[in-house]
Amino acid sequence: MSLIRMSSPHVYKANSTANVMRLVLLATLPGITALTVFFGWGTLIQIVWAALLAVAFEAAILKLRRRPLGFYLSDGSAIVTALLLAVAIPPFAPWWVTAVGVFVAIVIAKHLYGGLGQNPFNPAMVAYALLLISFPVEMTRWTSPFVLNGEGWPVASFMDTLGAIFGSVEHIWYDSFTGATPLDELRHRGGLTTEETWRQSLVLSQGIGAWHAVSAAWFMGGIFLLYRKIITWHAPISMLLALAVCATLFYGFDPDSYADPFFHLSTGATMLAAFFIITDPVSSATSNRGRIIFGASIGVLIFIIRTWGNYPDGVAFAVLLLNLAAPFIDLYSQPRSYGHSRANKGRGGKA
Amino acid sequence: MSVDYRKITLDGLWYNNPALVQLLGLCPLLAVTASVVNALGLGIASTLVLVSSNLTVSLFRKLVPETVRLPIFVMIIASFVTAIELVMQALTYELYLILGIFIPLIVTNCAIMGRADAFAVKNPVRASVLDGLMMGVGFSVVLVLLGGLREVLGTGMLFSNMHLLFGEAARNWELTLFADYPGFLFAILPPGAFVGLGLMIALKNVIDGRIEQRRKKEQKPVELTGSKRVRVTG
């Protein structure tokens, strides 16, 4: 009799990849809605454009690799990757930024490593990091929340946004609605204390609500995923907790130089990362204890990069670094298997 | 002893290419290939060192004791690198400044040490010189292709600053392939070199696979053995 060795998790359930991806898509709806409400049509246009490209690239590379098209395309994983990338890209980013990102995510970060289930890095984060490094100007021009623009919603009409993204409208036109994000403002404050920055910056004093609302929306989607048991609580909770603990420590000692914990939890990509990025079943740690270590390390790294790094938000880099460490974490966090007195940890253990 | 010059040539240029197959000399390969002119400058310098060191090692191959051969090779290679460095300082001073530390670092290029130890020390002078030349050309071709790829992707131009190597006449060789190109910083940065080299190796493997298939169809088995692969230093 031969036993087939399978990687964990050894759980039987009637959940296909396609079904999981559909539920993830459903869970992003609140976040997408909030982004559209506060930052205009750009997010929706980017999502549709990225999804179209993702399906096209996926089909092309599947054909090159001589894999069945229908089977892999219908699992929806390309669309989820495209969506997670699209919500991270500034709403007014030109069309080619998204195109390069989706190409890198689908072709290089996913299929060159062997396709879904084989990629060591989260494809959306690889693409985001590459875009941020390559196109700093386009990637840091985030839209200001519409409340700051003195006009009602939307920030710009649908056709104007479409024109801005696809290059028929001059940059100058939409430069008037773009500005620094809260994290940017706090990062580049030029010697002011936290409170002074807060009073001086419009985004922080008046527009911060938009960012809180977007974070709350991602949080709701995350709760839905937890409720449907698509993700476990370990990675998100440990990440948020680690970030909060770091922020509290530094804020407690020196509130003039550091931002408060609530700010860290409710701006930038914190909530998106906690529930949608680091819970990727492929590129994160596999055991529950492993997920706790994985999530907590990401939380600490996000705080370090945000506070002392060169970039205002550090989610993508933190996630990529820990993706790299995930196999190592797995090696040392194997749970005890039934019938054994101790868990097999490290390379010395018998497989 | 008969020497198969054709095989030496093909090995250096294709089947045992130092950059694509042996993966030697990755440090300069990845660091200086941000443009064609840098790649070509370093390629020519490396080739000159490779030919001269292979020649010298082969000449003295019967006098060098086995046990201390590596230090002796290092000294031979270091002398030639110093000479090349001085030549570049005299002839192409600006390029010398751009390439900077990577010219002295040719000493540590494992392709050169590898060929001295794997080939020149065991083969007659003419074969060793040919081997050095072909390995050097094979290495340079990969450098220049990768440099071109990264320059086009990164800046949208090709052959810019060629006057650093070929004098004032080459100043207008610059081709602007895409006007109004926003620039793609990733291709210029080191990660772009890794991805570019990976794609080139993949392409070579695809071509090799096609050649192999055609050979199988023709049912003519031809022996194809590469020379000894040596990794001396990182």
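The structure is a predicted model, in which local features need pLDDT of at least 70 and side-chain atom pairs count only at pLDDT 80 or more, while totals for chains, interfaces and linings use all residues. Residues are numbered from 1 along each chain as its sequence is written, and chains are lettered from A and ligands numbered from 1 in the order in which they are written.

**The annotated threonine**

- An unreviewed UniProt entry lists T181(A) for "modified residue: FMN phosphoryl threonine"; UniProt positions follow the numbering used here, feature names are shortened, and annotations may be inferred rather than shown by experiment.
- T181(A) is buried, with 24 other C-beta atoms within 10 Å, where buried means 20 or more such atoms within 10 Å, exposed 12 or fewer and partly exposed in between, with C-beta atoms placed from the backbone.

**Two helices of chain A**

- The axes of helix 1 (residues 17-39) and helix 2 (residues 42-64) of chain A come within 7 Å and cross at roughly 135°; axes are lines fitted to C-alpha atoms, for helices over the stretch in contact, and angles run from 0 to 180 degrees between N-to-C directions.
- Helices (H or I, at least four residues) and strands (E, at least two) are DSSP runs, numbered from the N terminus.

**Chain B**

- Chain B holds 10 helices and 2 strands, which run α-α-α-α-α-α-α-β-α-β-α-α from the N terminus on.
- Along its principal axes, the C-alpha trace of chain B spans about 60 × 50 × 30 Å.
- Of the 234 residues in chain B, 39% are buried.
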